[in-house]
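Biologist: I've just opened this one and I'm new to it. Can you walk me through it?

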Amino acid sequence: MRIDVVTIFPEYLAPLELSLIGKARQDGLLDLRVHDLRAFTTDRHRTVDDTPYGGGAGMVMKPEPWAQALAAIAGDRPEGAGKPVLIVPSPAGERFTQALAYELAEEKHLAFACGRYEGIDERVIDWSRDHFDVRPVSLGDYVLNGGEVAVLAMVEAIGRLLPGVVGNPESLVEESHSDGLLEYPVYTKPSVWRDREVPAVLLSGNHGRIAQWRRHEQFRRTAQRRPDLLEGFDAGKLPRADRTEL
Ligand SMILES: N#Cc1c(N)n[nH]c1-c1ccc2c(Cl)cn(Cc3cccnc3)c2c1
């Protein structure tokens, strides 16, 4: 997969050189390119923002540098390749979910437009639709100062789903949200720590009982912490033994 990120703070994306995503880049599993929006300005002050039409606080990102940056990305593609997906982090975007991460992990080329200030001139979104499949996306219902933190989270969530990035693909199956439920609690040595014992079932070696206990813990935790996830949960997808939990 190729990922392009446009930002006025390229150094904000430095954490993507580390750990699993960094190794995926070294291994050629992920071609991640970070572009400084200011490289696409033409004035001596490398201006990327201006005052908002209609008044109001703050500044708005000028359209032309964005069009130059995004055109360079859209133009640098194999002949006949389909439109890349352009993810535009925005407080007004669709929610980023694990389901969307799985969907985007299937794409060959993603681009991310990290805005700042009060946002990017809306005409850029409209212009981009000729060159990209444009998806305004929000990380969640809270307010950040720009798109970079959202892109860090989305690139990690998507990148870890790519084949070969996570050592043991099994670990992707039983984590929170992969099957619509929260994950079960995990323990390691010592079996007694500060007078706290590991649940005995996990020491039993009975894999059937362990699997049943873990599934029960997933339901218990989800009902306690995220009952909203159970509203849409299709019990019909569960093995019969699990349906008694609902
Ligand atoms: N994704 C996401 C996301 C989220 N979940 N919260 N805030 C954002 C986000 C994403 C993009 C920008 C751009 Cl461009 C400018 N700002 C600052 C801002 C703050 C409040 C109102 N308007 C703009 C952004 C905030």
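Biologist: Let's start with Glu94: is it buried, partly exposed or exposed?
Modeller: Glu94 is partly exposed, at 34% relative accessible area. Under 20% is buried, over 50% is exposed and partly exposed sits in between, using a 1.4 Å probe and protein chains only. Bear in mind that this is a predicted model, where local features need pLDDT of at least 70 and side-chain atom pairs pLDDT 80 or more, while totals for chains, interfaces and linings use all residues. Numbering starts from 1 along each chain as its sequence is written, and side-chain values use heavy atoms, with hydrogens and water left out.

Biologist: OK, and which side chain does Glu94 meet in a salt bridge?
Modeller: That of Arg135, at 2.8 Å from N to O. The rule for a salt bridge is a Lys or Arg side-chain nitrogen within 4 Å of an Asp or Glu carboxyl oxygen.

Biologist: Is Arg135 buried or exposed?
Modeller: Arg135 is buried, with a relative accessible area of 16%.

Biologist: What does Arg116 pair with?
Modeller: Glu148, and the closest N and O atoms in that salt bridge are 2.8 Å apart. This pair links distant parts of the chain too: Arg116 lies in the loop between strand E6 and H4, and Glu148 lies in helix H5, 32 residues away.

Biologist: Why do Arg116 and Glu148 get the label they do?
Modeller: Arg116 counts as buried because its relative accessibility is 14%. Glu148 comes out at 0%, so it is buried as well.

Biologist: And Arg226, what's its partner?
Modeller: Asp228, again 2.8 Å from N to O. Arg226 is partly exposed at 31%, and Asp228 is partly exposed at 36%.

Biologist: Which residues get joined into a network by shared partners?
Modeller: Arg2, Asp4, Asp31, Arg33 and Asp76, through salt bridges.

Biologist: How many salt bridges are there?
Modeller: The count comes to 13.

Biologist: Switching topic, what about the whole protein?
Modeller: There are nine helices and nine strands, and 39% of the 246 residues count as buried. The C-alpha trace spans about 70 × 40 × 40 Å along its principal axes.

Biologist: What share of contacts is between residues 24 or more positions apart?
Modeller: 74% of the contacts with a separation of 6 or more, where contact means heavy atoms within 4.5 Å.

How values were computed: Helix = DSSP H or I, 4+ residues; strand = E, 2+ residues; numbered from the N terminus.
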